[in-house]
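Notebook open, viewer open. I want to look up a few packing details and jot them down as I go.

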Amino acid sequence: MPAILSIVDILYVETNIIDQLFATDLTLTTDDLDIDNEPHHGLTLRNGSQSALAIIGENGLVKPIKTKQTIGRISPRAGEQTIYINQLMNHNISMVIATGPAGTGKTLLAVSAALEIVINKGPQSRVIMCKSLSEIGPHRMGALPGGLKEKIHPYVACYEGAIDEYLGDCQQGMIHAMESKGIIEYRPINILRGTSIKDAIIILDEAQNINKHDMRAICTRVGENSRMFLLGDTRQSDEKYKVNGLKILTNSELIKKSTLVAHSNLIINQRSELSKLLDNALE
């Protein structure tokens with residue numbers, strides 16, 4: 001029976017397999033590797049010091065990733081990020097799910113890819129950034145002053161940091177212009193119900209804090225020519241008493257086999273050595 005692999009697996013193969021993968025006149029399939037994977041699944045093929053990144057196509061063809069794709073000023077720091085970027089920039093994938101610990105680049109790369117697509121006149125014309133309004137611990141901030149943008153600002157500040165990383169501080173005027181035109185929009189998830197969102201990339205961060213029913217209400221808002229980037233760390237759920245919608249999606253066989261969805265599980269903390277140390281210590 002073919003092996004069932006996890007996300008971005010290391011698969012040890014014969015040297016000629018890697019050579020075959022990069023030969024332009026030859027094809028390699030999941031049958032050749034004796035594996036059974038969902039579409040858009042990332043692989044690292046390895047033989048001694050020789051290795052290659054690949055991704056499984058919709059028809060079972062194993063496609064090499066020959067170059068590291070950069071997004072603006074952002075370059076991947078690991079093979080798992082290279083595969084994740086490949087999924088984000090693939091317009092045929094309607095939903096990209098990214099799970100994994102803090103500091104692995106889930107939000108930064110999703111925001112950068114969305115802006116890259118919109119700024120360069122890709123299939124979508126705007127980016128809608130959403131986030132669960134769950135807060136850490138039992139303490140709550142209470143009512144906040146101002147309009148909608150001011151009220152949700154503490155929750156979506158992580159997006160602003162990612163935008164700055166992608167565009168740079170010198171592009172603040174461009175960011176404000178995009179916000180005023182509705183090209184960049186921030187929304188709390190509780191006002192998504194009842195809407196149909198078209199021609200947009202919807203980014204939903206901290207998705208581990210959304211229960212099954214709310215996840216269904218949000219995901220079914222995705223309209224014609226829209227995509228969704230769903231991000232979260234299932235270890236950091238602040239709403240543990242609820243049925244976790246993110247876990248349900250990532251464990252669903254329907255999702256795993258769908259050509260509309262790709263899933264990357266990022267594991268390498270790129271934020272700092274201290275962040276990595278403390279994350280491991282608090283496991």
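For contacts I take heavy atoms within 4.5 Å. I also keep in mind that this is a predicted model.

Entry one, S226. I found S226 in the loop between α7 (212-219) and β11 (227-232). Is S226 buried or exposed? I get 7% relative accessibility, and the cut-off for buried is under 20%, so S226 counts as buried. Leaving out residues up to four places away in sequence, I see S226 touching S94, I197, K198, D199 and A200.

I looked up the largest nonpolar core and got 35 residues, with Y84, I163, I203 and F229 having the most contacts inside it. Helix α4 gives the most to this core, 8 residues. I then checked I163: beyond four places in sequence, I163 touches V111, L115, M129, G168, I175, I184 and Y186. Another core, of 21 residues, lies apart from the largest one, and I197, I202, I210 and C219 are among its members. I197 is also on my list of S226 contacts.

How do the axes of α3 and α4 cross? I have helix α3 (residues 79-88) and helix α4 (residues 106-119) with axes that come within 10 Å and cross at roughly 35°. The crossing is right-handed. From α3, I noted Q81, Y84, I85 and L88 meeting K106, L109, A110, A113 and I117 of α4. By class, that contact has 7 nonpolar, 1 polar and 1 charged residues.

Technical notes: Residues are numbered from 1 along each chain as its sequence is written. This is a predicted model: local features need pLDDT of at least 70, side-chain atom pairs count only at pLDDT 80 or more; totals for chains, interfaces and linings use all residues. Side-chain values use heavy atoms; hydrogens and water are left out. Axes are lines fitted to C-alpha atoms, for helices over the stretch in contact, and angles run from 0 to 180 degrees between N-to-C directions. Helices (H or I, at least four residues) and strands (E, at least two) are DSSP runs, numbered from the N terminus. A crossing is left-handed if the near helix is turned anticlockwise from the far one by less than a right angle, and right-handed if clockwise. Ala, Val, Leu, Ile, Met, Phe, Trp, Tyr, Cys and Pro count as nonpolar, Asp, Glu, Lys and Arg as charged, and the others, Gly among them, as polar. Buried means under 20% relative accessible area, exposed over 50%, partly exposed in between (1.4 Å probe, protein chains only). A nonpolar core is a set of buried Ala, Val, Leu, Ile, Met, Phe, Trp, Tyr and Cys residues joined through side-chain atoms within 4.5 Å.
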